[in-house]
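Reader: I have a structure to go through. Can we take it topic by topic, starting with the surface?
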Amino acid sequence: MQLWEKEVQTFISDRGFPCVGAKTALAAKEIDFYTAGSLFSGAHDERIRERIKAYIADCQNQKSQFRSFIVAFPETHAVDEEGFERGL
């Protein structure tokens with residue numbers, strides 16, 4: 001498990017975090033994590049697409065109502081909303 005995954009888990013576990021669905025998914029170990037490089041690089045696009053397709057197939061085959069898929073881009077500097085959209 002990577003440091004950012006632990007940080008996300010800690011963030012979701014915090015009493016002040018309001019999303020019950022995310023807390024339920026975390027408790028059930030139903031959060032899938034993927035680490036990509038930079039948001040502005042296409043190097044991981046195909047792998048992200050494959051992981052999303054696998055995530056959707058898993059969701060359709062399981063009874064769990066609370067799941068999540070999170071992609072991190074640790075090589076990306078902080079950007080505003082417009083920068084984020086350009087990166088997508």
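Reader: Which residues form the negative surface patch?
Author: Asp80, Glu81, Glu82 and Glu85 form the negative surface patch. This is a predicted model, where local features need pLDDT of at least 70 and side-chain atom pairs count only at pLDDT 80 or more, while totals for chains, interfaces and linings use all residues. Residues are numbered from 1 along each chain as its sequence is written, and side-chain values use heavy atoms, with hydrogens and water left out.

Reader: What is the rule for a patch?
Author: Patches take residues with over 30% relative accessible area and no salt bridge, joining like charges within 9 Å and nonpolar side chains (Val, Leu, Ile, Met, Phe, Trp, Tyr) within 5 Å. Asp and Glu count as negative, Lys and Arg as positive; His and the chain ends are not counted.

Reader: Where is Glu81, then?
Author: Glu81 is in helix α4, residues 81–87. Helices (H or I, at least four residues) and strands (E, at least two) are DSSP runs numbered from the N terminus.

Reader: Is Glu81 buried or exposed?
Author: Glu81 counts as exposed, at 60% relative accessibility. Buried is under 20% relative accessible area, exposed is over 50%, and partly exposed lies in between (1.4 Å probe, protein chains only).

Reader: Switching to salt bridges. How many by the rule?
Author: The count is four. The rule asks for a side-chain nitrogen of Lys or Arg within 4 Å of a carboxyl oxygen of Asp or Glu.

Reader: Which residue does Glu30 meet in a salt bridge?
Author: Arg67, at 3.1 Å, N to O. Glu30 sits in the loop between α2 and β1 and Arg67 in the loop between α3 (45–61) and β2 (68–72), so the pair ties together parts 37 residues apart in sequence. Both Glu30 and Arg67 are buried. Asp32 joins Glu30 and Arg67 in a network of salt bridges.

Reader: And Arg49, what does it pair with?
Author: Arg49 pairs with Glu46, the closest N and O atoms being 3.0 Å apart. Both residues lie in helix α3, three residues apart, about one turn of the helix. Arg49 is partly exposed at 41%, and Glu46 is partly exposed at 42%.

Reader: Now the inside. Which residues make up the largest nonpolar core?
Author: Nine residues: Trp4, Ile12, Phe17, Ala22, Ala25, Leu26, Ile31, Phe33 and Ala72. The elements giving two or more residues to this core are α1 (3–13), α2 (20–27) and β1 (31–35). A nonpolar core is a set of buried Ala, Val, Leu, Ile, Met, Phe, Trp, Tyr and Cys residues joined through side-chain atoms within 4.5 Å.

Reader: Which element gives the most?
Author: α2, with three residues.

Terms used
Accessible areas come from the Shrake-Rupley method with a 1.4 Å probe; for residues, only the protein chains shown count as cover. The place of a charge is taken as NZ of Lys, CZ of Arg, CG of Asp or CD of Glu.
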